[in-house]
Amino acid sequence: MNRNVLSRRVLASIAGVTIAALALAGCGGNGDETGAGNTPASAGSDLSKLSGELKASGASFPNAYYQKALDEFAKVAPNLNITYNSTGSGTGKKEFGSGLTDFAGSDSLVKAGDGPADGSFLYVPTVAAPITVAYHLSGVADLQLSADTVAKIFQRDIKKWNDQAIKTDNPNANLPDKNIVVAHRSDGSGTTNNFTKYLTKAAPAWKLSTGDTVAWPADTQGGDKNTGVAQIIKQSDGAIGYVDLADATASGLVFAAIKNKDGKYVKPSLAGTTAALAGATVKDDLSYDPLDATGAASYPITAPTYILVKPTYTDATKGKNVKAFLKWLLTDGQQFAESVSFAKLPAALQTKALAQIDKVQVQG
Amino acid sequence: MTQITDRPPAQPLTARGRGAASDRAFSAVSLAAGALVLAILVLILVTTLREAWPALKYAGLGFVTSPSWVPLEVDGAGPVYGALSFVYGTTVVSIIALIFAVPISIGIALFLTELAPTRLRSTVVTVIDLLASIPSVVFGLWGIIVVGPALVKVYNGLHGALGDIPVLGSLFGEPVSSGRGFMTAGMIVAIMIIPIITSITREVFATVPDADKQAAYALGATQWEMIRGAVFPHSFGGMVGAVMLGLGRAMGETIAVALTIGAATQITPNLFAAGNTLASVIALNFGDPGVPPGRSALIALGVLLFAITVVINYAAAVVVRRADVRMKGASA
């Protein structure tokens with residue numbers, strides 16, 4: 001009898017554990033509370049007079065820069081408390097759409113069903129960063145790749161380093177007869193989105209389309225976040241993967257030079273990124289596509305990132321604070337971008353972004 | 001015959017009538033606590049089903065029969081949600097974990113209850129409890145930084161030795177270079193569930209009546225024969241319960257598996273290949289779930305995992321009931 005009671009209790013607790021796991025999964029997206037406790041502010045032109053609280057969430061790709069910028073901003077506006085929660089663009093857009101946050105970070109544009117309704121947001125470009133194609137191949141220092149070759153490597157049409165397509169891109173390199181190990185992001189990510197968007201745009205051979213997660217071939221390997229991919233590349237000779245510049249540099253990886261639209265092989269760098277931004281066409285809503293941009297110095301795999309703001313803030317304090325922070329971010333805040341491997345906006349785009357912030361209405 | 005007449009009057013435990021009231025209060029509180037669990041379960045089921053409905057309606061029966069999961073639009077075709085590869089991954093990782101964890105856990109429990117000197121016993125128990133308190137993300141990081149790369153050499157050796165034998169060859173196929181795959185994830189999970197299975201089987205073994213054990217010895221049994229004849233039949237139900245609790249943890253384990261399994265959507269007999277499980281897909285993709293109804297599809301995976309767990313628990317309860325009748329006679 002004793003044992004039966006015990007085992008039944010045990011079974012019940014198994015169910016309990018599973019339920020708890022499900023509850024966590026189910027609530028993960030909207031666990032954040034709305035920002036509360038705004039103290040009345042006498043927000044003037046002087047940043048140090050600003051006070052209050054702002055909540056934001058979204059893209060993890062620019063998180064390193066935003067955290068750095070928030071640290072610096074706290075020095076000039078010590079009473080304005082801003083938190084940016086790196087949840088991923090999808091969750092960021094959803095939380096912003098349901099009014100949980102005051103602004104959101106996003107690497108991708110807002111599509112129907114993402115959360116924010118049409119007309120309830122404005123794009124403010126902040127910084128941009130290159131996505132590197134990092135590799136680990138002993139004896140090969142300056143790998144050069146064209147978009148089609150990158151596409152074929154990542155969809156496993158090319159499985160050996162001494163394949164003819166790679167040889168054509170690297171006439172002078174001594175390529176070994178080694179298997180290629182492909183590393184990709186295991187988590188849904190804006191980095192994957194921008195990388196596959198680039199391949200969709202620039203490589204006719206690319207067949208896997210674009211998204212936060214794509215259907216990678218089964219004989220590739222997934223790593224968690226940029227650091228996880230970097231780690232796989234470091235571990236295996238013959239590996240290749242896509243990693244943002246900040247993490248690739250921190251992990252000591254080497255990157256391939258990618259052939260841009262003008263036919264030049266360009267290594268990922270902040271200068272190449274700013275050149276790509278200058279070569280991109282900016283639309284009226286300030287969304288722009290710096291992937292595969294024109295210009296001899298442009299690095300082709302350059303990812304934009306935006307902050308989404310409301311066109312009208314009904315809470316006057318919040319509205320003023322959002323505008324003040326973003327203005328600072330686009331002016332004084334830009335100088336901190338390079339220290340964390342992000343590229344500043346070129347002057348023309350910066351002017352347009354500042355004009356966008358002026359469009360934000362503050363009521364009350 | 002003397003009678004004690006000067007006995008002091010009995011002191012009631014509580015004031016007259018208070019006992020009945022506190023009894024009623026106690027039963028009300030316990031009923032509420034019991035009902036709360038049920039209510040939470042029903043609410044979770046209702047909410048997750050409602051959230052999962054758009055994806056289930058979109059994918060139809062393909063959600064459980066299709067092995068391909070493509071949460072984006074390819075050449076104008078909409079997203080495809082088929083969870084079969086993840087169900088397969090969850091199953092494989094759980095089976096590997098149980099194959100490693102069950103014999104080790106039962107061995108530890110037997111050692112602790114039958115063989116270990118008393119002083120050593122408490123030390124071993126403390127160490128095993130410590131193992132249970134390590135956060136799963138630590139296990140996951142240890143898995144990808146230390147265990148995975150170290151095991152690749154073993155995998156390569158096994159693949160080299162067994163790769164040409166028909167059935168074993170497909171099980172021990174070409175390993176991935178970083179070691180992230182079913183086998184590594186299964187072994188990490190095995191280490192995580194050993195403390196659970198050990199502590200419960202230990203408790204169960206401790207309930208075996210000493211008289212049964214002494215009777216076995218009196219009949220001339222060796223120690224192993226005593227364990228087989230007296231301890232195991234008496235403890236079978238509890239052992240199955242312990243294994244089921246371990247299985248529940250293995251199936252639901254998320255972060256350690258997400259880090260070590262390599263995130264490939266495939267059904268392959270190769271245990272050294274990368275795969276994915278229901279729980280790890282949810283964890284990895286919830287932040288950026290792809291085009292709608294991507295988020296809903298991830299919640300639907302949670303519902304599926306819940307359903308599988310319920311079925312397995314029910315099956316385990318049936319196994320325990322039948323086995324108890326067979327092993328201990330109808331009196332049990």
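**Exercise 1.** Work out how many salt bridges the rule finds across the interface of chain A and chain B, then describe what makes up that interface.

*Solution.* Keep in mind that this is a predicted model.

Step 1: look for a side-chain nitrogen of Lys or Arg within 4 Å of a carboxyl oxygen of Asp or Glu. Across the interface of chain A and chain B, that search gives 0 salt bridges.

Step 2: see which parts of chain A face chain B. The elements giving two or more residues are α1 (2–27), α3 (89–97), β6 (181–185), β7 (221–223) and α7 (225–235) of chain A. The largest share, 14 residues, belongs to α1(A).

Step 3: sort the chain A side by residue class. You get 16 nonpolar, 29 polar and 7 charged residues.

Step 4: size it up. In total, 52 residues of chain A are in contact with 53 of chain B, and the two chains bury about 4,100 Å² between them, 62% of it on carbon and sulfur atoms.

**Exercise 2.** Find the strand order of the open sheet that 3 strands form in chain A, and say which strands sit at its edges.

*Solution.* Step 1: read off the order, β5-β10-β11 (chain A), with mixed pairing.

Step 1: pick the strands that pair on one side only. Those are β5 (144–145) and β11 (265–266) of chain A.

Step 2: check one pairing. β5(A) runs parallel to β10 (residues 257–259) of chain A, over 2 bridges. For A:Gln144, the bridge partner in β10(A) is A:Ala257.

Note on methods:
Residues numbered from 1 in each chain as written. Chains lettered and ligands numbered in written order. Predicted model: local features only at pLDDT ≥ 70, side-chain atom pairs only at ≥ 80, totals over all residues. Heavy atoms only, no water. Pairing = 2+ DSSP bridges. Helix = DSSP H or I, 4+ residues; strand = E, 2+ residues; numbered from the N terminus. Contact = heavy atoms within 4.5 Å. Buried area = accessible area lost by both parts, 1.4 Å probe. Nonpolar A, V, L, I, M, F, W, Y, C, P; charged D, E, K, R; others polar.
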